[in-house]
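Below is a walk through a structure, going from a strand unit to an interface and then to a core. Please keep the sequence and the coordinates at hand.

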There are 2 protein chains.
Amino acid sequence: MSDFKKIGIIGLGVIGGSLALEIKKRKIAEKVIGFSRKIKTMEKALKEGIIDEFYDCPEKLIENTDFLILSTPISALYNYIKIIKVTNPKIFFTDVASVKKVICENVEKIIGENSNFVGSHPIAGSEKSGIENIKDGLFENKIVIITPTKNTNKNVKKKVKLLWEKLGSKVYIMDPEQHDKILGFTSHLPHLLIYTLLSVGEKNKEILKKFFGSGFFDTTRIGKSNPEMWTDIFLENKINILDWTKKFEDEINKLKIILKRNEREKLYKFLKRAKIFRESLE
Amino acid sequence: MSDFKKIGIIGLGVIGGSLALEIKKRKIAEKVIGFSRKIKTMEKALKEGIIDEFYDCPEKLIENTDFLILSTPISALYNYIKIIKVTNPKIFFTDVASVKKVICENVEKIIGENSNFVGSHPIAGSEKSGIENIKDGLFENKIVIITPTKNTNKNVKKKVKLLWEKLGSKVYIMDPEQHDKILGFTSHLPHLLIYTLLSVGEKNKEILKKFFGSGFFDTTRIGKSNPEMWTDIFLENKINILDWTKKFEDEINKLKIILKRNEREKLYKFLKRAKIFRESLE
């Protein structure tokens, strides 16, 4: 017997599509039902066995499933939460977005404090988007952060935790504020820096031509990420991102002074400490 | 018949070792002779067929070869250039360092304007160092920049160009100033940013714990590079690096204003333009 009956997934991009595929493969639910704004995406997902069924409107899907995963861009999320309130406000549901505080607040604002929601964030993204980029075993051994609030129903939390564990993920639980602070550094700040670096490159492309090596390509791979998705993330986690940017600027100012003063030993120690920290993460 | 007789390589790290291996494999020279400060490295290189011979002091190697590649850290280079001046000032030689202006100037200062030197920079590095990390075919299809000055002997330029072409590289010729400006952006600035990012991470490691994903790991891979080597590069190309850092700061300030004002459309366009530039490089 499966742990879940009918799981609905709204949004069949890299994360939503990979979730559907993996839930089916691991027989975590009896049925996986999808919805995407694009009929072609749903047809492709059905044809390739990524989902079992689809509905042509989100209301039907929300009415006819008992567990829902919202896997859309952040700016599209709120509309679906409003539909949940009207159609099936007691449904168990989660999301997969890269920011959590504002989403958790909005769910409580729209549906109420006794909604059956808890936020999730699988740290398993990619710079690629769309159903053509879904990946087998995408969540295996990946970190997933679940962000309950003081109002979160314990049964929902348990159910959502179970889902990710069945997908092979390592689940951590923290409050949404802490999540947004941490991810503001580990994911959002690097994206901000790389988009900025690329923007400088774009403005100087005539002199730079094609003199880029593999280091540059690896470093800037995240700059190929979906700009719509990242517009949302930057705006929704603005306070933490600006705060980390300030810390980054303080640090680069120190490095600039070391350089200007030709302080070789201090410079070496700065780089060495950074390298050791990077190596400690692996 | 080989194009070169005896090629000497001083420094048997990733670049020097890979060069020796590849020159032998492609039979570009009749003999490849190595020198490293560490006797163990030379013994390993000989045993593994990376070099044909080694000398236990650099003077002997410089006296007994007709073409020399200096493949040491920048701060060690000048000492070997002084030995060249004393031992064999007419030897044809090149280097492989990531900065060029200061090196070209120092060669002319130490040996004189009629030295037989031209600088090279193979854009084929790695964050790994040492002979244990040498790589087969490292220079195949990689860009190599050769930086003649107004005093460069044409025969040396031709010979050095031939060497890299025989190694499968795409050779570009530009003056040392232009090289240092371009690489200041495409390689040195990204390293500066990533070392700084890691330094901020190091100072906040207690709250960040292990919540890092593959995006962070790829972006910061270059932060594992050799800090001694990068201390030299940052100091030797300081002016260009500080100039690019200023441009980066101007750009991040624009992005911060966009964020603070919640200018969604402008933000989206900023990110989209950066993404398109990144994709255009591939």
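The paragraphs that follow begin with conventions and then turn to the structure.

This is a predicted model, in which local features need pLDDT of at least 70 and side-chain atom pairs count only at pLDDT 80 or more, while totals for chains, interfaces and linings use all residues. Residues are numbered from 1 along each chain as its sequence is written, and chains are lettered from A and ligands numbered from 1 in the order in which they are written.

In chain B, strand β4 (residues 67–70) pairs with β5(B) in the parallel sense over four bridges; pairing requires at least two DSSP bridges between the strands. Leu70(B) stands opposite Asp95(B). Strand β5 of chain B covers residues 92–95, with Phe92(B) and Thr94(B) buried on one side and Phe93(B) and Asp95(B) buried on the other. Buried means that 20 or more other C-beta atoms, placed from the backbone, lie within 10 Å of the residue's own. Helices (H or I, at least four residues) and strands (E, at least two) are DSSP runs, numbered from the N terminus.

Turning to the interface, 68 residues of chain B are in contact (C-beta atoms, placed from the backbone, within 7 Å) with 67 residues of chain A. On the side of chain B that touches chain A, helix α7(B) gives the most, with 18 residues.

Which residues touch the most other members of the largest nonpolar core? They are Ala20(A) and Ala20(B), in a core of 175 residues. Such a core is a set of buried Ala, Val, Leu, Ile, Met, Phe, Trp, Tyr and Cys residues joined through C-beta atoms within 7 Å. Leaving aside neighbours within four places in sequence, Ala20(A) has contacts that include Ile9(A), Val32(A) and Ile51(A).

Conventions
A residue is buried if 20 or more other C-beta atoms lie within 10 Å of its own, exposed if 12 or fewer, and partly exposed in between; C-beta atoms are placed from the backbone. Two residues are in contact if their C-beta atoms, placed from the backbone, lie within 7 Å.
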